[in-house]
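Subject: Structure for your review

Dear colleague,

Please find below the structure that I am handing over to you. My findings follow directly after it.

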Amino acid sequence: MAPLPDSRNAVEVPWDSAMAKDRGIFGFDSMDGRSRSFNLIRSRLLDMKAKNGWRLFGVVSATPNVGKSFISANVAAALSRDPRYSTYAVDLDLRRGSLSNIFDLAPQSGIRDFLEGSPGADTPVAYRLENERLLIMPTAAGRIHSAELLAGERAQVLLRSMRVSDDKNLFIVDLPPVFANDDAATVMARLDAYIVVAEEGKTKTREVHDAISHLGQSRLAGVVLNKYRGGVVSEGYGVDDYYAAGYAQADPTAKVD
Ligand SMILES: Nc1ncnc2c1ncn2[C@@H]1O[C@H](COP(=O)(O)OP(=O)(O)OP(=O)(O)O)[C@@H](O)[C@H]1O
Ligand SMILES: [Mg+2]
């Protein structure tokens, strides 16, 4: 079984707080008001770890471009500040992988190379940002047969090594939209729980319901409402989180607001 990379064999890359802010990553800085929503999501996830033993969380949406990767990166950053755990941000959106861009990595050998069995990619590479504890496993985006790769032996080995790894390891797995293809459902079959990201004024309540019935209500970790307006995250405003109960009563044809 491929050993999961850890902080000892991760590749360290330059990073500082100016870069973080520049790239929209606020979760590392508890003094920044924009990290507040991510800290809240972090405590909800840690509660679920305590209650249900959940450690492997997928991040999905019904439709594309609602901020899944932005939320994945920031929630993983917020979790990584808790010294009791080791947090991994894993990019399994094989076609549109964007964690590499968000964290300014230039992966020579990302998850995709590992899954394809490229020479020298016997273990998926992990990166560690200078002065931070977060481990990032990016992938190089591209037009590939993602369904075959995700159903293949190497993907199973990777997901198994996450599952059997130390109980203090937490995984935030960035995924494609649920209805784009089968990729999110294929990966979710091996994860513990998922977060659905919805965008205010854009995602319909029915779409959120449909995504939840597709993946199963029992593993829903939460619905995050991303209030993306004109590219600005303002204090205590950019991101909010809602729970399924809120949606259950809502008009399924209404837009999320
Ligand atoms: N709350 C926010 N504030 C500012 N910018 C945001 C916010 N949410 C998302 N964005 C920006 O919107 C764009 C789309 O977000 P992102 O890539 O995270 O969406 P996605 O759901 O992962 O898309 P895809 O379906 O392609 O994977 C990015 O440029 C991201 O930085
Ligand atoms: Mg994305």
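Gly201 is found in the loop between strand 7 (193–199) and helix 9; helices (H or I, at least four residues) and strands (E, at least two) are DSSP runs, numbered from the N terminus. With a relative accessible area of 45%, Gly201 is partly exposed. Here buried means under 20% relative accessible area, exposed over 50%, and partly exposed in between (1.4 Å probe, protein chains only). Gly201 and Leu225 are 24 residues apart in sequence, and their C-alpha atoms are 9.9 Å apart in space.

Some conventions apply throughout. This is a predicted model, in which local features need pLDDT of at least 70 and side-chain atom pairs count only at pLDDT 80 or more, whereas totals for chains, interfaces and linings use all residues. Residues are numbered from 1 along each chain as its sequence is written, chains are lettered from A and ligands numbered from 1 in the order in which they are written, and side-chain values use heavy atoms, with hydrogens and water left out.

The protein chain as a whole

The secondary structure of the protein chain comes to ten helices and nine strands. Of its 257 residues, 55% count as buried. Among contacts (heavy atoms within 4.5 Å) in the protein chain with a separation of 6 or more, 78% are accounted for by residues 24 or more positions apart.

In helix 9 (residues 205–215), the residues Thr205, Val208, Ala211, Ile212 and Leu215 are buried. Seen down the axis of helix 9, these buried residues fall within an arc of 125°, so they line one face of the helix; the arc is that of the directions from the helix axis to the C-beta atoms. As background, an α-helix has 3.6 residues a turn, so residues three or four places apart point the same way. Just after helix 9, Gly216 takes a positive phi of about 100°.

Helix 2 (residues 36–52) has 17 residues, which should span 24 Å at 1.5 Å a residue, and its end C-alpha atoms are 24 Å apart, in agreement. The expected span is 1.5 Å times one less than the number of residues. The buried residues of helix 2 include Phe38, Ile41, Leu45, Leu46 and Met48, and also Arg42 and Lys49. Just after helix 2, Gly53 takes a positive phi of about 75°.

Aromatic pairs

Rings of Phe, Tyr and Trp (its six-membered ring) pair if their centres lie within 6.5 Å; planes under 30 degrees apart count as stacked, over 60 as edge-to-face and the rest as tilted. By this rule the count comes to four aromatic pairs. In one of them, the rings of Trp15 and Phe103 have centres 5.7 Å apart and planes at 55°, so this pair is tilted. Trp15 lies in the loop between strand 1 (11–13) and helix 1 (17–22), and Phe103 in the loop between helix 4 (99–102) and helix 5 (111–116), so the pair ties together parts that are 88 residues apart in sequence. Trp15 is buried, at a relative accessible area of 4%, and Phe103 is buried at 0%.

Tyr88 and Phe171 form a stacked pair, at 4.8 Å centre to centre and with 20° between the planes. Tyr88 lies in strand 3 (residues 86–91) and Phe171 in strand 6 (residues 169–174), so this pair ties together parts that are 83 residues apart in sequence. Both Tyr88 and Phe171 are buried.

Ring pairs also link Trp15, Phe28 and Phe103 into a cluster.

Salt bridges

The structure holds 14 salt bridges, each being a side-chain nitrogen of Lys or Arg within 4 Å of a carboxyl oxygen of Asp or Glu. Lys21 forms one with Asp32, the closest N and O atoms being 3.3 Å apart. Lys21 lies in helix 1 and Asp32 in the loop between helix 1 and helix 2, so the pair ties together parts that are eleven residues apart in sequence. Lys21 is partly exposed at 27% relative accessibility, whereas Asp32 is buried at 10%. Lys21, Asp29, Asp32 and Arg34 are linked in a network of salt bridges.

Yours sincerely
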